[in-house]
Each structure stands twice: as C-alpha cells, then as structure tokens.
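Hi,

Here is the structure I promised to pass on.

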Amino acid sequence: MWQAEVRVDLDAIRENVSRLRSGTTAEVMAVVKADGYGHGMVPAARASLDGGASWLGVCTLDEALALRRAGITAPVLAWLLAPGLPLEEGIGAGVDLAVASLPQLDEMIEASRRADRPAQLHLKIDTGLSRGGATVADWPALLEAAAKAQSDGLVEVVGVWSHFVYADMPGHPTTDRQLAVFHEGLAMAEQAGLRPRYRHLANSAAALTRPDTHFDLVRPGLAVYGLSPVAGETFGLRPAMTARARVILAKRVPAGTGVSYGHTYTTDRETNLAVVPLGYADGVPRHASNCGPVHLAGTRRTISGRVCMDQFVLDCGDDEVAAGDVVTLFGSGADGEPTADDWAEAVDTINYEIVTRFGSSRVPRVYDGERP
C-alpha cells in the first residue's frame with residue numbers, strides 16, 4: 001500500500017518525442033536536465049531515445065556522467081559548467097561540452113590534454129537572452145581561438161548554438177532578431193574556418209511553432225514530458241506525470257473551525273476535513289495555500305488553509321471521505337483531475353516549476369510503460 005506517489009507514464013514520453021520528431025527534419029535532443037524535469041532523468045532519457053531522440057541534453061557534468069554510468073551511450077551535451085570541474089572525466093566519457101568564453105575554452109584544452117583526446121565542443125553565442133553564451137563582441141575571438149585549437153588537434157567544434165528569449169510567444173519580434181544574430185554568428189564561424197555538424201537554436205516552443213529555426217538539431221525539454229510551452233495550445237502532447245496521495249485522516253468539525261497554521265482558513269459550516277500527506281517538502285508549493293486545486297471523490301476541490309511541510313487539508317463539505325481515499329493533485333486531466341497547467345495558474349508560476357518540484361526522496365516515482 002502506498003501513501004503518496006508520482007506516477008510517470010513512459011509511453012507518453014515516447015509518444016511526445018515521436019510527435020516532435022515527426023514535425024521536423026532536424027535531429028531531436030531530448031532535454032533531461034533537472035532529473036528529467038522531475039520525471040526521473042535516466043528513465044526519461046531511455047524513453048526519449050525509444051521515441052526517436054538521437055541526443056540528450058543536460059546542464060551539469062554530473063548529470064551527463066550519471067547517464068553514462070547508467071549505460072546510456074547516445075550523444076550527450078552538458079552546458080552549465082563552472083570553473084575547476086574535472087572536465088577530463090566528461091571528455092573521456094564522450095560527453096559533448098559547451099563553451100562560451102576564452103577562459104572556458106582554455107580549460108577545455110587543458111582537460112583534453114589530460115584526457116588524451118579532443119574535447120567535443122559546442123560554442124554558444126548570446127543572441128539576446130543575456131545569460132549564457134559569448135557576446136557578439138566576444139564571438140570573433142572565441143571562434144579564432146577555437147579554430148586554432150581544432151587545427152592543433154586539441155578540440156573538435158561539433159556545434160554552434162544559442163537559446164531563445166520569447167519562443168513561447170511565437171510572434172514576438174525578438175525571436176526574429178535572435179534568429180538574424182544567430183545566422184550572423186554562423187557566418188562568422190564559417191569565415192573562421194569552422195563548419196560544425198550541428199547548429200541548434202530551437203527549444204520546445206520553437207520546435208513546435210518555428211520550423212525556420214530548426215537547423216540541424218532541436219532541443220525540446222518541456223514538450224518531451226507532454227506539457228505545452230505555449231499558452232492555450234496542446235499540440236497533441238500527453239502529460240506524463242501524475243501526483244497523488246491517500247487521505248490519512250478524515251474528521252467532522254463544527255462551523256468556525258480554524259484550519260492549518262495561522263488559521264488563514266475558517267470553516268463556515270459543520271464540515272468534513274481530509275488531511276493529505278504531501279507538503280512543500282514534497283513539491284507542493286506553499287503558495288498553493290487556499291488555492292491549490294485537487295481531485296477527490298469525483299470532485300475538484302481547493303486546498304484549505306496553509307500548505308505545511310508535510311501535509312495539507314481539504315474542506316469536503318458534507319461529502320463522505322475516509323482515510324485511504326485517493327487525492328490527485330495533477331495529471332493528464334483525462335479523468336477530470338487538475339493538470340500542471342491548472343496548478344501553475346493557481347499559484348502564478350509556470351508548468352515547468354510544478355513538475356520539477358515533485359519526486360522527493362520520500363515520494364517514490366512509479367513508472368508505467370517500462371521496457372527491459
């Protein structure tokens with residue numbers, strides 16, 4: 001018997017990746033960073049590869065090495081790399097690495113020497129996000145140094161890439177401006193003697209709405225897990241995660257009963273309360289206090305009072321509830337339960353944050369559709 005669980009439908013991930021793959025002539029890099037957006041990095045990676053992805057994307061070197069330790073041999077790109085990391089371990093494991101500055105390139109060169117093999121690099125240009133990537137002003141020097149290191153046999157420039165600001169708003173003019181800067185950056189790379197096999201720019205939203213940005217590789221993340229990056233559109237994707245728990249206590253209380261910390265909720269009549277063993281330690285946002293939607297006994301309900309570290313309370317009125325009844329926080333919506341989008345709207349955040357919160361050490365993930 002389980003108390004709380006996160007169920008992940010791996011067939012949904014396979015189908016979502018297959019749908020993405022069918023919509024482009026580019027290869028697909030399934031982004032499985034952040035523990036597969038809360039779905040479990042290794043199972044999500046395997047399901048994505050089954051669905052037609054040929055690449056995997058992660059942020060950290062540790063994530064990339066964990067994929068290798070799990071026996072996954074597909075190409076992997078890691079792109080968030082602090083100074084001083086044992087990059088030679090990634091190079092030795094055949095992990096592709098991102099570079100956005102001359103000091104970072106120097107580290108890659110030294111790590112290549114230690115690994116006794118060339119680093120496979122993806123040079124990143126900042127086309128407008130002002131986050132990772134070399135600025136347009138610094139780009140020529142990075143290209144020149146990378147071309148020299150490649151000619152010396154120390155590195156291989158496999159890719160050139162960037163990231164969008166407003167791809168979730170398909171008509172935003174910034175997207176076109178970034179695309180133009182990316183084209184300019186590619187032309188400069190060619191002038192420097194670099195002809196990378198992979199040019200990549202498109203995230204989930206661009207993969208679904210802007211085929212002119214696909215180039216050789218697209219990098220869907222959120223869409224892999226069945227969630228839409230564009231408000232009001234589903235694109236036929238199927239959400240893969242369901243979060244649920246069992247009521248641990250049901251009790252009848254009188255009108256005027258304060259509920260949970262601070263008594264921010266007070267019953268207005270005699271009513272049935274249900275205590276649910278999930279809290280902010282498990283991924284339930286504290287901002288869901290008095291607004292988080294759930295599904296219990298065939299009815300949508302709202303969290304009553306503050307979300308605690310380990311539990312929250314539901315006011316169920318005169319509906320009969322009992323310990324052991326199943327409360328679904330979110331899922332695909334097919335059975336009337338809230339979705340991650342419903343939760344995002346309720347707590348004023350994005351669906352990305354909702355799913356990545358779940359799957360703590362005490363809430364097990366259960367996988368449907370596992371393959372040997």
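Before anything else, keep in mind that this is a predicted model. The protein chain splits into two domains, with domain 1 covering 10–225 and domain 2 covering 241–368. Their centres, taken over C-alpha atoms, are 38 Å apart.

I started with the place where the two domains meet. Nine residues of domain 1 are in contact with nine residues of domain 2. Together the domains bury about 870 Å² between them, and carbon and sulfur atoms give 61% of that area. On the domain 1 side, Gly38, His39 and Leu222 stand out: they supply 52% of the area that domain 1 buries against domain 2, more than any other three residues.

Next, the polar side of that interface. Between domain 1 and domain 2 there are four residue pairs in polar contact, counting pairs with both residues at pLDDT 80 or more. As for which elements are involved, α1 (10–22) and α2 (33–37) are the ones that give two or more residues to the side of domain 1 that touches domain 2. Sorted by class, that side of domain 1 has four nonpolar, three polar and two charged residues.

One salt bridge turns up across the interface of domain 1 and domain 2.

Then I went through the structure as a whole. The salt bridge count comes to 25.

Last, the aromatics. A search of the whole structure gives six aromatic pairs. Among them is Phe182 with Phe215, an edge-to-face pair at 5.1 Å centre to centre and with 75 degrees between the planes. Phe182 sits in helix α8 (residues 173–191), while Phe215 is in the loop between α9 (204–209) and β9 (217–218), so this pair ties together parts that are 33 residues apart in sequence.

That's what I have for now. Over to you!

Cheers

Methods:
Residues numbered from 1 in each chain as written. Predicted model: local features only at pLDDT ≥ 70, side-chain atom pairs only at ≥ 80, totals over all residues. Heavy atoms only, no water. Domains from an automatic or database assignment. Contact = heavy atoms within 4.5 Å. Buried area = accessible area lost by both parts, 1.4 Å probe. Salt bridge = Lys/Arg side-chain N within 4 Å of Asp/Glu carboxyl O. Polar contact = N/O pair within 3.5 Å; in protein donor to acceptor, adjacent residues only side chain to side chain. Helix = DSSP H or I, 4+ residues; strand = E, 2+ residues; numbered from the N terminus. Nonpolar A, V, L, I, M, F, W, Y, C, P; charged D, E, K, R; others polar. Phe/Tyr/Trp six-rings, centres within 6.5 Å; stacked < 30°, edge-to-face > 60°.
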